[in-house]
Amino acid sequence: MRDFILDASDRAFQEEIRTFLARELAPRAAAIEDRDDWDAIKAAVAALGGAGYLRLMFPDLYRGSLAKPGLTHATILSEEASAINYAFETTIATALSCAYPLHRHASPPVRDRYLPGIVDGRTVGAICVTEPDAGSDTSRLKTRIDFDAARNEFVVNGLKRYISNAGVADVYIVYGVTDAAAAPGKILSAVVVPSGTDGLTFPRRYTFMGRRGCVVGEVAFDGCRVPADHLLGAAGGGTRIMVEMFNFERVILGGSGLGVARSAFDLATAHAQRREAFGEKLGCKELVWSSIAEMSWRIDAAELLTYRAAKLYDAGTAPRALMKAAAMAKLVATETATFCADRTVQILGGDGLTKEYGRAEQIYRDARALPIVGGTSEMARYLIASADLPTIKPGL
């Protein structure tokens, strides 16, 4: 069947990265899941960086065989990594989300100081947006980024939470308010805060139901000072940078959802064809094959939406115009992941609830984060509706 979204070179790359991850990530997956092994994650990140795969988003830095690398290929990487271990994929997706504004908006000295380590897999980054009173509603951000003209420095004060790579990252991209008199959420800025900065602490690491091995916690800034050239873009330009980043992140999360959904689907179809009940294969039962069919079409729909958004990005679609496509990709792919994970556990029965009989229970736990992280499903629906109702403002 002809592929209308991914071309032959894209599919060849998918096979290439699948083989690479089977060698470099799959043998470490148990250590990540069962022993919370950060060293295993770092080793796999280093392998990806050493092979050049963390440069896919940046054509000017890329040295591989692809003629036109881009978000399409970074999304393929996300899908294939998530199919093996979503916690690991969270680490590299966060690193790429940190590399993106560094590449596009940092001053040359700052970009040259922090970006090479991330794309080479020697260091990791973190994005600091969410706060105790601000999640999807970024207008409620309270972190302050004030300019001290006397010392030519920015001073950061505030508390961020649910930050991936908190405490283990080498560099933090921090969003905060720079003009308290402006309308809420309108005048934000973004600065680069390196690890080891005075006043930078990590009060808590969180324990999640899934994504074991993924380090997520709180990041506190108490009078953290960084040089003026650590500002990304212009003062007050953080909202625009954030919109660009969210589009990128939501498409990547579409790949994550696809990988998780596909791994669940593979378990379900294998079990349905192997297990016998009441004189026939389990997959012969209408209630089972109906679930298999729905999982299948949902995965295909998610793939089409996700890679359409990635291709639109790679074609240079403006951030505002891309917002709806990115939201649709994230919404459908992540909800497909939770649907497939749930149906797989149901089809496997008791085997789906126990570690001793495979990964179904892990996939179920991991998938639940997907409709929440990177913007909730509710926020994605709002963005889609807002684009389709341009003459009114739908309520949140």
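This is a predicted model: local features need pLDDT of at least 70, side-chain atom pairs count only at pLDDT 80 or more; totals for chains, interfaces and linings use all residues.

Student: How are α7 and α8 oriented to each other, roughly parallel or roughly antiparallel?

Tutor: Their axes cross at roughly 155°. Angles over 145 degrees count as roughly antiparallel. The two helices α7 and α8 are therefore roughly antiparallel.

Student: Which residues of α8 meet α7, and how do the residues of the contact divide by class?

Tutor: On the α8 side the contact includes Val-288, Ile-292, Met-295 and Ile-299. Among the α7 residues that they meet are Val-251, Leu-258, Phe-265 and Ala-272. By class, the contact of α7 with α8 has two charged, five polar and 15 nonpolar residues.

Student: At what angle do α8 and α9 pack, and what orientation does that make?

Tutor: Helix α9 spans residues 319-348, and its axis lies 8 Å from that of α8. The angle between α8 and α9 is about 155°. With the limit at 145 degrees, that makes α8 and α9 roughly antiparallel.

Student: In which hand do α8 and α9 cross, and how many residues of their contact are nonpolar?

Tutor: The crossing of α8 and α9 is left-handed. Their contact includes four polar and four charged residues. The number of nonpolar residues in the contact of α8 with α9 is 19.

Student: How does α4 pass α7, in a left-handed or a right-handed crossing?

Tutor: Helix α4 covers residues 71-84, and its axis comes within 7 Å of the α7 axis. The two axes cross at roughly 35°. The crossing of α4 and α7 is right-handed.

Student: How many residues of the contact of α4 with α7 are charged?

Tutor: From α4, the contact includes Leu-71, Ser-78, Glu-79, Glu-80 and Ser-82. From α7, it includes Phe-248, Ser-256, Leu-258 and Arg-262. Eight residues of this contact are nonpolar and seven are polar. The number of charged residues is three.

Student: Is Ser-256 buried or exposed, and which side chain does its own side chain join in a polar contact?

Tutor: Ser-256 is found in α7. Its relative accessible area is 0%, so Ser-256 is buried. Beyond four places away in sequence, Ser-256 touches Ser-78, Ser-82, Tyr-86, Glu-89 and Leu-370. The polar contact, at 3.0 Å, is with the side chain of Glu-89.

Student: Which side chain joins that of Arg-11 in a polar contact?

Tutor: Arg-11 is found in α1 (residues 8-24). At 26% relative accessibility, Arg-11 counts as partly exposed. The polar contact is 2.7 Å, and the side chain that joins Arg-11 is that of Gln-14.

Terms used: Residues are numbered from 1 along each chain as its sequence is written. Side-chain values use heavy atoms; hydrogens and water are left out. Helices (H or I, at least four residues) and strands (E, at least two) are DSSP runs, numbered from the N terminus. Buried means under 20% relative accessible area, exposed over 50%, partly exposed in between (1.4 Å probe, protein chains only). A polar contact is a pair of N or O atoms within 3.5 Å; within protein, one must be able to donate a hydrogen and the other to accept it, and residues adjacent in sequence count only if both atoms are side-chain atoms. Contact means heavy atoms within 4.5 Å. Axes are lines fitted to C-alpha atoms, for helices over the stretch in contact, and angles run from 0 to 180 degrees between N-to-C directions. Angles under 35 degrees count as roughly parallel, over 145 as roughly antiparallel, 65 to 115 as roughly perpendicular and the rest as oblique. Ala, Val, Leu, Ile, Met, Phe, Trp, Tyr, Cys and Pro count as nonpolar, Asp, Glu, Lys and Arg as charged, and the others, Gly among them, as polar. A crossing is left-handed if the near helix is turned anticlockwise from the far one by less than a right angle, and right-handed if clockwise.
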